[in-house]
Structure formats: structure tokens, C-alpha cells
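Visitor: I would like to learn how to read salt bridges. Please show me with an example.

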Amino acid sequence: MHLEELFLLRPDMTFLNHGSFGACPRPVFAAYQAWQRQLEAQPVEFLGRRFNGLMAQARARLAAYVGAGADDLVFVPNATTGINIVARSLALAPGDEVLATDHEYGALDRTWRLLCRKQSAIYRNAPITLPTTTPEAMIAQLWAGVTPRTRIIFLSHITSPTALTWPVKDICQRARAAGILTVVDGAHAPGQIALDLAGLGADFYTGNCHKWLCAPKGAGFLFGRPEVQHLIEPLVVSWGWESETPGPSPFVDYLEWTGTQDIAAYLAVPAAIDFQATHDWEQMRLACHELVREVRQRINGLTGLASICPDAPEWFRQMAAIRLPACDTAALKARLWDEWRVEAPIITWNGEPFVRVSVQAYNDQADIERLIAALTALLPVVQAPAPNG
């Protein structure tokens, strides 16, 4: 499984945080730089005459990979941008509601709160309790928050703080039947789980290619189901609006060209797809999952705490959130890095501390051993801070 030599990561650290920003393999990064050199060699030729064709080719490769029509998705810098495009496009009336879970990515909670406030709408986060053991229970807890004023359901495919895989297809089907739009944050999905966006049923789905697909930083996408693409307006208005030479669809016209930009990260996405295909990535993902299972069990053994979900690939693949005892999370995170050179996020979610462990193709057993050794040494001395006063 171990492919450390094919990545650019520093050799003097234990990197167990692929989930935050990803890591790019050497051949994919070389393809990225080659596109940048072509851009700089003749900027007018590249952006003025080749842009549409190059982007169409890259979109087609990505669309085939995620199970979508080539003109039903567009490149965006990241999933946060994709959600902002959708959230700013969908009109809400005073009193309308957007329903999410309490497991969402904080930046996007902020996005929805801001835009709901501007329209006198309401953003709700349905509590999904832990541990969770069945998809039906998760759906029931979410659906308990639906009211006659619910217009949009927003949720993560794989959550950021708790790393849980959500039963998105079932939720999208139920929402469609109820006349509720679905907006899915798939930031952690591409490259970590197989996708079939056409079959998934989400109205809008945004994902990152620079995380688990291992593309260069700044490569994401936004998918819109053809029947609802007309609801989308450009976040940045440029030449695609009122275009005199319309492209494949208004959705692509409005969102693809936003002014001068370095599109090399987008154009390198096919190289990332090829890299993973060359290295039998489905087997790689399964091997990574086994390492995640092991580290979860060993940390649970160290702390005596229970897992937050069953021990199966349907619930998590290459990333898991693992409970920790009460501790000073900021101090633990700092000491993990400063003293042990272990990069892993230590977070507090709903008042409970967690370590989120990501395992990618460059990780091996030695990385797990180092994390366990570090936690064994640090947890007894990094106590929860005393209350103020």
C-alpha cells in the first residue's frame, strides 16, 4: 500500500491529516506545472483561444469519473465556493427554512446563517446524536426537523468533524417527493468513495478534487441536476452572462469563465484520475480503511471510550473521528506537532474532544504506531483546562 516516495510530503513528519487539504502525487503535480508553463508561454493563446476546449475535455473526464453529464458540472476552486454559488442563488421568502445537521462544516454553517439572515429565513441544525448505528435512525433524526416551511435540505456526504458517511441517496429521494431541494457538500467524497451523481439524486452537489482525489490545490466542482440548473446565477458575473456565443449550457456559460485565472489545477484533474487508476485505488482505499479501523480500535483501547459508529466501510473509509477524554485540545494539538511531528487535527465538537485521523496511500503502520505512542505519552499530562474563576 505504501506509496510515500510518490508524494511531495516532508519525510520528517507523520502526516495523518490528508482530510484538511489533501496531498498531491509527484506525477500529478508535474502535470499541473506543465499546464502552468503552457499558460505562461502564450497567455493569449491559452486563455483566449484554447480555454473552452481545454476546460471541456477536463470536465468530460471528471464528469465520467463522478457519474454526471459533462455539461452538468463546472469547475470551482473548492466546495465552499460551490455551496456559496448555490446558497446565493436560491431565493428564500421570510420564514422559509433551510435544514441541516449539527455535523456540518463550520464555514458553510456560516454561509447559510448569513444568507438566511439577509432574507429573514431560518437556518436549522438538526441534532444527530452519537453513537449512531443505523442509517434509518440518522434519517429519522434529520427528518424530525422538517416543517411545512422547509425549502432546502443541506447536508454533507461525508461530514468534516465526525467523518461519518451519510445516506444521501435516501434523503434526496425523500426530499424530492416532499418538494424540498437538496444541496450536498461532498468535499470529502471524490476519491474516497465511488460516486454516481446522476443516480444519487441531489439537486446540487459540490466536491473537492484536491482532497481525496489528490489533484492540485484549488480544484473542485459544482454539479447541478439539469432540471434545476436554471435556478443558479453566477457568483461572479463575467462574459458568460448574456453571452453572444452561447456554450453548451447556461449553467456552464455563467460559471466557467469568471475572469483571468490559473486553470492549471482544473486541467490536472484527469492526471489525478489516471494516477489513482494506475495504482488500483479501490484496493488502496480498502487497505487504508483497515489502518483506520486499527487506529480507531487502539485509541479506544487507550481511552476506554466507545466508537461513534459501526466498524464498516459504509460508515467511514479513510478518515475517522475518534473520541478522546476531556483534555486541552489546543495544547494536545500543539504538542503532537511540536514534540512528535504528528499532524492530526484535535477538535471539539458539541463539547466533546476528538482526534480525526486520515490515512492515505503514503501512510503505513509506522505512522499509526507513532500516533499511538504520542497519545499514550501526552493524554495523561494534557488535562482539561480548569474553568475560569
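This is a predicted model: local features need pLDDT of at least 70, side-chain atom pairs count only at pLDDT 80 or more; totals for chains, interfaces and linings use all residues.

Guide: Residues are numbered from 1 along each chain as its sequence is written, and side-chain values use heavy atoms, with hydrogens and water left out.

Visitor: What is a salt bridge, and how many does the structure hold?

Guide: A salt bridge is a side-chain nitrogen of Lys or Arg within 4 Å of a carboxyl oxygen of Asp or Glu. The structure holds 20 of them. In one of these, the closest N and O atoms of D96 and R151 are 3.4 Å apart.

Visitor: Which parts does the pair of D96 and R151 tie together?

Guide: D96 is in the loop between α5 (79-89) and β3 (97-101), and R151 is in strand β5 (residues 150-156), so the pair links parts 55 residues apart in sequence. Helices (H or I, at least four residues) and strands (E, at least two) are DSSP runs, numbered from the N terminus.

Visitor: Is D96 buried or exposed?

Guide: Buried means under 20% relative accessible area, exposed over 50%, and partly exposed in between (1.4 Å probe, protein chains only). D96 has 6% relative accessibility and counts as buried, while R151, at 33%, counts as partly exposed.

Visitor: Where do K333 and E343 lie?

Guide: K333 and E343 form a salt bridge with a closest N to O distance of 3.7 Å. K333 lies in helix α14 (residues 329-340) and E343 in strand β10 (residues 342-343).
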